[in-house]
Amino acid sequence: MAEEIAPAREAATTVVVRPGPDGEGIEVLVLRRSGGSRFAPGFVVFPGGAIDPGDGELALRWFGDADERARACAVRELAEEAGLLITDQGPVEIATGSPNQIQTAGLSPGLLPEIGRWIAPEFLPTRFDAHFFAAAAPRGITPRPGEHEADAVWWATPADVLAQHRDGRTTLAWPTFKTLEALAGCSTVPEVLALRIEQVPPPIASHVAPRPGGEPS
């Protein structure tokens, strides 16, 4: 009997980028998933998660289109995991409250261009079909980790996060790793917003990005 393949659950991720110090290069928002997370505990990731049933209603409220539920999920997860809310003027800090309760409207899909889509390989027991969106942020806004999913959130250059993974100081999933590689080739925020990253399969049967020498984390 053929082994049953786990269905891929729809998900969304927000790759938030800002100019680097003195306008040189870019920095990206990353977080470390808490040890109690159900999926990828301890991994360094971009804010994101699975699409919830209520995201269609949020999409209608925020974007005027229930079909934009993936983008609504990305907005909601960014608020829940990093304390930043996408507005028509870009991300802003939010002090308290669920994004479900925030009355915002008039968001354009152009604020969150889709830069990639990653469908997990069939051999994984937990699979996601994840839309990766990008968002531009100004310098000077401070993220904060949510109460449950993340224990740290910070700004870093893509090169620094990749170096930490190579040194074994962080662990990256394959889609995060490949996205950071693409980001490392960008010198400005508009370049990031224009990215279109093609999905490529991992070199080994794992969702973890290999370290130098071909070994997974």
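**Notebook: helices, contacts and a loop residue**

I began with D55, which is found in helix α1. I took helices (H or I, at least four residues) and strands (E, at least two) as DSSP runs, numbered from the N terminus. The model is predicted, so local features need pLDDT of at least 70 and side-chain atom pairs count only at pLDDT 80 or more, while totals for chains, interfaces and linings use all residues. Residues are numbered from 1 along each chain as its sequence is written, and side-chain values use heavy atoms, with hydrogens and water left out.

**Entry 1**

The term buried means under 20% relative accessible area, exposed means over 50%, and partly exposed lies in between (1.4 Å probe, protein chains only). Leaving aside residues up to four places away in sequence, I found that D55 touches A50, R69, A72, C73 and R76. A contact here means heavy atoms within 4.5 Å.

W62 also has its place in helix α1, which covers residues 55–63. I noted that W62 counts as buried because its relative accessibility is 0%.

**Entry 1: α1 against α2**

Next I examined how α1 meets helix α2 (residues 69–82): their axes come within 8 Å and cross at roughly 90°. This makes α1 roughly perpendicular to α2. The axes are lines fitted to C-alpha atoms, for helices over the stretch in contact, and angles run from 0 to 180 degrees between N-to-C directions. Angles under 35 degrees count as roughly parallel, over 145 as roughly antiparallel, 65 to 115 as roughly perpendicular and the rest as oblique.

Which residues make the contact? On the α1 side I listed D55, G56, L58, A59, W62 and F63, and on the α2 side R69, R71, A72, C73, V75 and R76. These residues divide into 7 nonpolar, 1 polar and 4 charged. In this count Ala, Val, Leu, Ile, Met, Phe, Trp, Tyr, Cys and Pro are nonpolar, Asp, Glu, Lys and Arg are charged, and the others, Gly among them, are polar.

I then turned to helix α3 (residues 158–166) and helix α4 (residues 174–184), whose axes come within 8 Å and cross at roughly 140°. The two helices are therefore oblique to each other. In α3, residues P158, V161, L162 and H165 meet F177, L180, E181, L183 and A184 of α4. I recorded the make-up of this contact as 7 nonpolar, 1 polar and 1 charged.

The buried residues of α3 are P158, V161, L162, A163 and H165. Their cover includes β2, β3 (44–45), β9 (150–156) and α4. After α3 comes G168, with a positive phi near 85°.

T170 is found in the loop between α3 and α4. I noted that T170 counts as buried, at 9% relative accessibility. Apart from residues up to four places away in sequence, T170 touches V44, V161, Q164, H165 and R211.

**Entry 2: K178 in α4**

K178 is found in helix α4. With a relative accessible area of 22%, K178 is partly exposed. I found K178 in touch with W118 and V200, not counting residues up to four places away in sequence. K178 and I197 are 19 residues apart in sequence, and their C-alpha atoms are 8.4 Å apart in space.

**Entry 3: D22**

Where is D22 found? I located D22 in the loop between β1 (8–19) and β2 (26–33). D22 has a positive phi of about 60°, although it is not a glycine. Most residues other than glycine have a negative phi. I also noted that D22 is exposed, its relative accessible area being 78%.

**Entry 4: the whole protein**

Finally I recorded the totals, beginning with a secondary structure of 5 helices and 9 strands. Along the sequence the pattern reads β-β-β-β-α-α-β-β-β-β-β-α-α-α. The protein has 217 residues, of which 51% are buried. Among contacts with a separation of 6 or more, 64% are between residues 24 or more positions apart.
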